[in-house]
Amino acid sequence: MTIDEFIRALPKVELHVHLVGSASVPTVLELSRRHPGSGVPTTEEELRAFYTFRDFPHFAQVYKAVNALVREPEDLHILVTGLARDLGEQGARYVELQVTPYSHRVVGMPARAVTEALDLAARRSAEEYGVRVAYIFDVPGECGAEAAEMTLEHVHKEPPATLVGFGVGGIEQARPAYRDVLRDVFAAARAIGLHSVPHAGEMTGPETIWEAVEGLGAERIGHGVNCLADPRLIAHLRETQLPLEVCPTSNVCTGQVARIEDHPLPRLLAEGLYVTLNSDDPPMFGTTLSREYQVAAHVFGLGKAELAGLARNAVNASYLDAPTKRQLLTEIDTLSAAS
Ligand SMILES: [Zn+2]
């Protein structure tokens with residue numbers, strides 16, 4: 001079995017991917033045809049050209065354009081099931097999908113309608129594509145206290161059935177201005193049993209990771225790659241084995257890392273940190289979950305045993321039930337032993 005065949009066969013779990021950023025060309029075509037006149041191409045050829053990653057400003061433009069197509073609960077359903085289809089084709093079994101309800105609420109979708117669409121889409125994804133979908137509600141960091149409070153209110157009043165986590169993403173530099181509100185909102189989300197999974201240390205340094213750990217009670221860190229600037233933080237993350245949701249291609253596309261060869265993945269592993277591989281906004285960055293494993297293999301030279309270890313890490317760091325975790329781990333072990 002070649003390493004690419006091995007990656008294809010590996011039962012994979014995706015822990016860090018965003019709903020709007022996960023929209024692949026067929027999914028966006030469906031949305032743009034539902035909302036003609038939006039400025040997003042409605043033919044496949046034009047859309048593929050529009051969707052080819054050029055640089056970060058272009059990504060931001062594409063993201064904004066796709067986000068503007070998400071106006072009705074049916075659009076959410078198309079996004080979730082489109083991602084499940086794409087992940088199913090890659091041999092992924094489970095995804096914890098980051099949804100930013102604030103973006104959907106501000107365009108007039110009621111909380112209940114958002115939740116009903118997400119619940120229905122999760123059921124359909126499991127039935128049709130064999131991919132289980134859980135949700136993480138994510139605060140858009142640059143939108144301040146109002147967005148944080150609206151996200152919490154949604155979680156309290158109308159949580160989707162498979163909601164497992166609470167996060168914050170967007171521009172990290174914006175967070176200190178309302179740090180105490182974020183702490184309170186995370187504490188309230190944790191009090192009702194949600195896991196704390198903030199982004200941190202993607203675009204700012206160790207101080208944001210420390211705040212995620214100490215102020216937000218982080219149980220996993222989105223990205224976290226900039227921990228390497230602080231030896232005390234490295235030691236802490238090694239000791240606690242706090243999982244990092246590492247997204248190598250994303251870090252290059254957003255300009256955090258100059259070239260994929262410069263990505264700190266090997267150093268994170270050499271430091272003994274808990275690493276998982278994820279795709280973030282895959283089609284917009286020209287990647288997939290499988291592609292991230294291929295990068296680990298072909299750019300950084302990881303072998304099958306190491307790739308299986310990363311896949312196991314994702315299963316263990318997920319919020320799946322224990323029997324399903326055991327089943328996936330057994331499948332990974334069986335595949336590893338046979339190849
Ligand atoms: Zn992200």
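Along the chain, the donors of the zinc ion follow the spacing H-x1-H-x180-H-x80-D. His-16 lies in strand 1 (residues 12-18) and His-199 lies in strand 6 (residues 199-200), so this pair ties together parts that are 183 residues apart in sequence. The model is predicted.

The zinc ion is coordinated by His-16 (NE2), His-18 (NE2), His-199 (NE2) and Asp-280 (OD). The distances run from 2.1 to 2.4 Å. How are the 4 donor atoms arranged around the zinc ion? They subtend angles of 86 to 174°, which makes the arrangement irregular. For four donors to count as tetrahedral, all angles must lie between 85 and 135 degrees.

His-16 and His-199 are both buried. Asp-280 has a relative accessibility of 3%, so Asp-280 counts as buried. Asp-280 sits in the loop between strand 9 and helix 14 (289-298). Its phi is positive, about 70°, although Asp-280 is not a glycine.

Strand 3 and strand 4 run parallel and are joined by 6 bridges. Ile-136 has Gly-165 of strand 4 as its bridge partner. Strand 4 also pairs with strand 5, in the parallel sense, over 2 bridges. Here Gly-165 stands opposite His-195 in strand 5.

Is strand 4 enclosed or left open? Of its 7 residues, 7 are buried, so strand 4 is largely enclosed by the rest of the structure.

## Helix 8 and its cover

Helix 8 has 14 residues (residues 144-157). At 1.5 Å a residue, helix 8 should span 20 Å. Its end C-alpha atoms are 21 Å apart, which agrees.

Which residues of helix 8 are buried? They are Gly-144, Ala-147, Ala-148, Met-150, Thr-151, Leu-152, His-154 and Val-155. An α-helix has 3.6 residues a turn, so residues three or four places apart point the same way. The cover over the buried residues of helix 8 includes helix 6 (101-105), helix 7 (111-129) and helix 9 (179-191). It also includes strand 3 (132-140) and strand 4 (163-169).

A second open sheet holds 4 strands in the order 6-7-8-9, and the pairing is parallel. Strand 6 and strand 9 (275-277) stand at the edges. Each has a single partner strand, so one side of each lacks a neighbour in the sheet.

Strand 8 (residues 244-246) and strand 9 run parallel, joined by 3 bridges. Val-246 stands opposite Leu-277 in strand 9. His-223 lies in strand 7 (residues 221-223). Its relative accessibility is 0%, so His-223 counts as buried. Phi of His-223 is near 75°, a positive value in a residue other than glycine.

Val-28 lies in helix 2 (residues 25-34). Its relative accessible area is 0%, so Val-28 is buried. Which residues is Val-28 in contact with, leaving aside its neighbours within four places in sequence? The contacts are Ala-23, Val-40, Leu-47, Tyr-51, Val-66 and Leu-69. Val-28 and Asp-230 are 202 residues apart along the chain, and their C-alpha atoms are separated by 41 Å.

His-77 lies in helix 5. With a relative accessible area of 10%, His-77 is buried. Not counting residues up to four places away in sequence, His-77 touches Ala-117, Leu-120, Ala-121 and Arg-124.

Methods:
Residues are numbered from 1 along each chain as its sequence is written. This is a predicted model: local features need pLDDT of at least 70, side-chain atom pairs count only at pLDDT 80 or more; totals for chains, interfaces and linings use all residues. Side-chain values use heavy atoms; hydrogens and water are left out. The expected span of a helix is 1.5 Å times one less than its number of residues. Buried means under 20% relative accessible area, exposed over 50%, partly exposed in between (1.4 Å probe, protein chains only). Contact means heavy atoms within 4.5 Å. Donors are N, O and S atoms within 2.8 Å of the metal (3.2 Å for Na, K and Ca); water is not among the atoms, so sites may look incomplete. Four donors count as tetrahedral if all angles lie between 85 and 135 degrees; four count as square planar and six as octahedral if opposite donors are over 155 degrees apart and all others between 65 and 115; anything else is irregular. Two strands pair if DSSP finds at least two bridges between them.
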